[in-house]
Every structure is written in structure tokens, then in C-alpha cells.
Amino acid sequence: MTRHSGAVQRLPHPRTGGRFTSPVPPGSGWPGDPATPRTAVAQTAAHVVSMAAATQSLEELDAEVSVCRACPRLVEWREEAAVVKRRSYADEPYWGRPAPGWGSSRPRVFVVGLAPAAHGANRTGRIFTGDRSGDFLFAALHRVGLANQALCVDAADGLALNETRVAAAVRCAPPANAPTPAERATCAPWLDAEWRLTAAHVRVVVALGGFAWRAALQMLRTGGVPVPVPAPKFGHAATAEMGGVTLVGCYHPSQQNTFTGKLTPQMFDDVFRTAKALASDG
């Protein structure tokens, strides 16, 4: 991908019609933007640690996540993708910033994924929105009653989650969907803070893929949940009860998994029916 050198354009949001540059400046009116021009910006890993530990609300956390610049490689990649764009979205503005968690502020089910897609959440500003993985995920959540609709095309489409919150272990779109170990470690305090602010309500954590499973285990461990040694192993539909929280594994809804049948809609529904039932029993 090569950096675009043309003039900065203000393009209309596909639903609201508001005009934005790419990446979208904080506080400029993008649907669901939690930040303002005054939101504090983390510039280093140390900043992330201190800011995540100090945040006292999900609103504050989401705002700070959405403007984080602590990983130079990820900042360059997400912003380059927002300028160069995919041809099918060339006439749209791209969010081009980290994707904060979203959904219920008192979730009983907490879904953890890997990272935003360069032309999915990095374009729409809402995690798991605007790509095939999100289509698969939110359709399943709708079928089992954890979302009000299956539609998930942009941040103003009316989608709402029922006692469910969705977040990613890494908040910026990474090249080749592969964050480095250092980038994973830098971003982890944001997920730890999200857990701290929601843990009183969560009964089930669903990990989408092996990386999310490991990130969820670290999140729980950091949050004081007793994780056994050796740690539970990831597997589709694997469950592990720890300190009143059940971790449930699920294959990631990547196109590689869904197109090949490794993950079918029925398998996905079964995982979320299990999660919903466990959350209701808690």
C-alpha cells in the first residue's frame, strides 16, 4: 500500500451525509464518536498503562482508546488504509482511528476478538462492523436474542446489543491482521480497564479465536480472577469456569473459517446460546 498524496477531501458519511476527512478528527460529529478535541492522547506504552489505570468510566475509556497513538506502526497503517482505501469504499470517509469496545455498559456477556479490519471497523468506527466477520457475528447475536437486528453496516445503523459488549484485544487495524507481541502488550491495559469497569456484571466471556482466548485469560488474570496453571486450552465450544466467570471458546468468524465450513452458523449460534444460558444462570 502506498500513501496517497492528493488533496485532503471531505466525503459524506454513507448514512448521515455529514462530511469528514479521513482519518476522522475526534469530536467532529462522526456517529458514536466518544472523543472530543480535548480527549487525552496516549503517545507511548507508559501513557497507556497510566491512563488505563486512572480511567473511571467506560465513556472516558472509550474516548481515550479512540485517539490512542501509542504504537507507531499501527498508527501509520490504520491511517494509510484510511487514505488509500479499498476501491469499493473510495467515496466514503474512513474512521482511521482505534476502535473502542461497544455495547452494553452492564454486560453479562463480554465478547473478545482480535483486532479491527482495515476496511471494516477502521472504516466504520465500530468494532466488527462493515466486514464479513461482523455480518456473521451480529447475525448470530440477533438469532439468539443478544442483538436487536442482524444489520451491521455502519455506526448509525441502529444496531444495539442486549446485555452484551464487544471489544478487541488490539484496538487498531494491524498489517496482515497480525499485531506484534509488543503491540499486543501495549494495548492490553485498555482491555484490562474495560474488564475492571464491567467485571461486576459479566458472567461469560466469549473468545473469538486462540489469540483472543489468550488475551482473555490474561485480562482475567490481571483482573484478579483465579486462572489455573496450566491455563485452560482453547478449542471451539471449550469452556472454563474461573471465579464465577465462564470463558467460552469459539472459532473466529474469519472468511477462511466461515467459507470453508470450519465455523458454520449453527456452530456459532450454539456458542452464543450457551453463553446466553450461562449468563442467565449467573
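**Buried charges and enclosed spaces**

Start by selecting Asp157: at 8% relative accessibility it counts as buried (buried means under 20% relative accessible area, exposed over 50%, partly exposed in between, with a 1.4 Å probe and protein chains only). Before you go on, note that this is a predicted model, where local features need pLDDT of at least 70, side-chain atom pairs count only at pLDDT 80 or more, and totals for chains, interfaces and linings use all residues. Residues are numbered from 1 along each chain as its sequence is written, and side-chain values use heavy atoms, with hydrogens and water left out.

Asp157 and Arg126 form a salt bridge, with the closest N and O atoms 2.8 Å apart (a salt bridge is a side-chain nitrogen of Lys or Arg within 4 Å of a carboxyl oxygen of Asp or Glu). Asp157 sits in the loop between helix H5 (132–143) and strand S5 (164–168), and Arg126 in the loop between helix H4 (121–124) and H5, so the pair ties together parts 31 residues apart in sequence. Helices (H or I, at least four residues) and strands (E, at least two) are DSSP runs, numbered from the N terminus.

Next, pick Glu194 and Arg165. Their side chains meet in a salt bridge at 2.6 Å, N to O. This pair links distant parts of the chain, with Glu194 in helix H6 (residues 181–198) and Arg165 in strand S5, 29 residues apart. Are these two buried or exposed? Both Glu194 and Arg165 are buried.

A search of the whole structure finds two cavities of 30 Å³ or more. On a 1 Å grid over the protein atoms alone, a cavity is a set of points where a 1.4 Å probe fits but cannot get out, and lining residues have an atom within 4 Å of a point. Grid points are joined across faces, edges and corners, and a volume is the space filled by probe spheres set on the points.

The largest cavity has a volume of about 100 Å³. Select Cys68, Cys71, Cys172, Cys187 and Trp190, the closest to its centre of the 16 residues that line it. Helix H3 (72–84) and H6 each supply at least two lining residues.

Last stop: the second largest cavity, at about 40 Å³. Among the residues lining it are His13, Trp30, Arg123 and Asp154.

Conventions:
On a 1 Å grid over the protein atoms alone, a cavity is a set of points where a 1.4 Å probe fits but cannot get out, and a pocket is an open set with protein on both sides within 12 Å along at least five of seven lines; lining residues have an atom within 4 Å of a point.
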